[in-house]
Structure formats: C-alpha cells, structure tokens
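Biologist: I've got a structure open here and I'd like to get to know a few of its residues. Can you walk me through it?

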Amino acid sequence: MNIEQVSFSEDVLIFEERFSKIDADFLIPNVDLNEQLQKEQKIDDFIAEIQEASADLSLQKSARARLFALEGKAQLVAGRKGKAKSLYESSVSAYKGDAHAAILLSRISPSENPTEIESKSSEVSDKSLLILESALNLYKCKRYNDSVAKFDEAFLNLAPFYRESYGKIRDMAWNLRSVDSQSVISDILPLKEINVLQMLFIAREKSDFLYNFLNGKRGDKDLFSKVSASGLLNPVSKPLDEKNAVSSSDRVSKYIAARFLWNLFVAKNPNTSATKYSSRLSSSPVFDVAADNPDFDAILGCVENEFMSLDDGKNFAGERSVPAIEFDGFLEKLK
C-alpha cells in the first residue's frame, strides 16, 4: 500500500510538539509529589485543548485523525485505556495511515518485540515516528545501546522538536549503556531525585571507592551505617551536629554530594588537607556559599578540582536535588 506524505498546519504541529514533551516527561521517574501533580495537570489541560481543536469542522480528515491519535496517546498516558481505544477507532475512521494512530494501537496492545512497530512502515506516512517508538521501547526494555542507535536514526528525519523533547531520554540511554540491566542501580540511575542510600549504592557499584570502608564486602546490609561510621558523610568545615547530620532517607542535594565526594577524595589523597580552604580563607569566593557553611571546604574542593561546577558560573545552588545520572558523572570525574 502506498501512503501519501501528509503536511499539517502549524496548530496541529504545536499539539504534536506539546505531546512529545509530556510523553518524554512521563518516561523519567520522579519521586516529588508536586512535580507529579504538575505533570498530571499538564496532560489534563492538553486533553481539554486538543478536544476543542479536533471539534473544528473545517479540519482536513488527516489533521483530525492525527489529533484523535494524539489525544488517544495522552489518554493512555493518563491511564484511560478505554478512551484511548475509542480514539484510535475515531482516528482510523477519519483517515487511515497516520503514524501516531499506529503507535497508539501498539501502546494499547504492546508486543514483546520492542521494534515490532516498524513492521507497519508500509502502512503509515512517516516511518521515522515508528523508529522513534522503537527507540522508546528499547529504552524501556533496558536495551540502551540499541535504543541510542534508534534515537539517532529517527532524529535525522523528524522535526527538531522531537530531539528537544526526547533527547534527554536518548542521553539517559547513552549514560546507561554500560550498566548491567540486572544491577541494583539500573532502576536508580534514571531517577531525577535520589536519597543518600541510593547515592551509596551508585558509589559502591560504579567504583571501588568504598571497598576498604566496607571491609571488601558488597552486601546491602548495613551499607549506610558502615559508610556513616567511616565519616564519609560528615562535614569537615564544622563539627558534626544534629543540624548537619544526614540520614539514609535524606534527599541528595548538591551540598550532600559535595561532602561525600570531598571526603572520598581526601581519603584517596592523604596528603590533601580536608580543611585547606577554610584554614586560609575568611570569605567565600562562591556567591551563594557562606564561609561558615559546614560544607565550605567540600564545595570549594569539588569545584576547584572540577568534580562539580557552579550552575550559572557564579552560584553553587547547593539545595538543588542531584539526579542519579548527574551524581554518577561526578564519580566519573573523581576517578
């Protein structure tokens, strides 16, 4: 069957772009309740607006079919499978051959083969969208190397907004390509926010830094208590007290990451003074880090040695959450 190439109005493309951003956001796990609620509100707003647009009687059949398919994908993301099925039927009734409709059907009834969707390439107008869907499926299956290759192939012929939306998933796949899918950290590394225990899991699995502190044992039992007892989670610029102590469930901020990394660095380099900065500086060269900050030395040490950076070139933004993959990058620099 030969499918003619279809061009769409700017309004339809805007909906397509908006959905691609929503879809990509839902693929990245997060533990923040407010952020999750914001995602859900965005998808509800999107559905309400696309329903209004698809009711326009002046729409071409192909445009209406695409809007129905996009709404169906949004309804499926929101967990409304029945509505998604109905919208798929509406889409193919309006116009057969829309790639988003084919993708919607594959999401409603997924195949065990992550690239099965590409077998529909002779039936739809845009094969590149099917390749992108294969990339997403491979990512979900933790076949990261294959996923990266598919992403790069799809982006060659898709509108630039697809790279902007799904590029973060592609980059995540690239960063995860060497991780064993059975590893304890394979489910941690995609997280946008991690706790201290998860940070220690990453450090243990991705380096040998903790080997001596754990007496050569790699078990999960007492991981936090052993690392904590070693002093690796203590500040060096101020004495440890209730205010600056951390627990295993605490969110990892840049402050906590810097403290842990600096203690590891000093342990690896015994000739380095842990308080080399606070012992000679009375003011801070970093705008948003006070000289009396308990992690003053850790922050300056990590920045000077380029394990970490200033977010805007001036501020450390120490309260910001550190995504797992970013922390993994810090460890790589520390090696």
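Biologist: Which helix does Glu49 lie in?
Modeller: Keep in mind that this is a predicted model. Helix H2 covers residues 33-54, and Glu49 belongs to that run. So the helix you want is H2.

Biologist: Is Glu49 buried, partly exposed or exposed?
Modeller: Its relative accessibility is 38%.

Biologist: Now over to Ser134 in helix H6. Which side chain does Ser134 join in a polar contact?
Modeller: Ser134 is buried, with a relative accessible area of 0%. Leaving aside neighbours within four places, Ser134 is in contact with Pro114, Thr115, Ile117, Glu118 and Lys150. One of these also makes a polar contact of 2.8 Å with the side chain of Ser134, and that is Glu118.

Biologist: How many residues of H11 are buried?
Modeller: Helix H11 runs over residues 254-268 and has 15 residues. From first C-alpha to last, H11 reaches 21 Å, close to the 21 Å expected. H11 is largely enclosed by the rest of the structure, because the buried count is 13 of the 15.

Biologist: What about rings: which residue pairs with Tyr255 across 61 residues of sequence?
Modeller: A search of the whole structure finds 11 aromatic pairs. In one of them, Tyr255 has a partner at 6.2 Å centre to centre, with 35° between the planes, so the pair falls between the cut-offs of 30 and 60 degrees and counts as tilted. Tyr255 sits in helix H11, and the partner is in the loop between helix H12 and helix H13. That partner is Phe316.

Biologist: Which lysine lies over the face of Phe316?
Modeller: Phe316 is buried, with a relative accessible area of 0%. A lysine lies over its ring face, at 4.2 Å from the ring centre. That residue is Lys254.

Biologist: And which lysine lies over the face of Phe26?
Modeller: Here the distance from the ring centre is 5.7 Å. A charge has to be within 6 Å to count. The residue over Phe26 is Lys39.

Note on methods:
Residues are numbered from 1 along each chain as its sequence is written. This is a predicted model: local features need pLDDT of at least 70, side-chain atom pairs count only at pLDDT 80 or more; totals for chains, interfaces and linings use all residues. Side-chain values use heavy atoms; hydrogens and water are left out. Helices (H or I, at least four residues) and strands (E, at least two) are DSSP runs, numbered from the N terminus. Buried means under 20% relative accessible area, exposed over 50%, partly exposed in between (1.4 Å probe, protein chains only). The expected span of a helix is 1.5 Å times one less than its number of residues. A polar contact is a pair of N or O atoms within 3.5 Å; within protein, one must be able to donate a hydrogen and the other to accept it, and residues adjacent in sequence count only if both atoms are side-chain atoms. Contact means heavy atoms within 4.5 Å. Rings of Phe, Tyr and Trp (its six-membered ring) pair if their centres lie within 6.5 Å; planes under 30 degrees apart count as stacked, over 60 as edge-to-face and the rest as tilted. A charge sits over a ring if NZ of Lys or CZ of Arg is within 6 Å of the ring centre and within 35 degrees of the ring normal.
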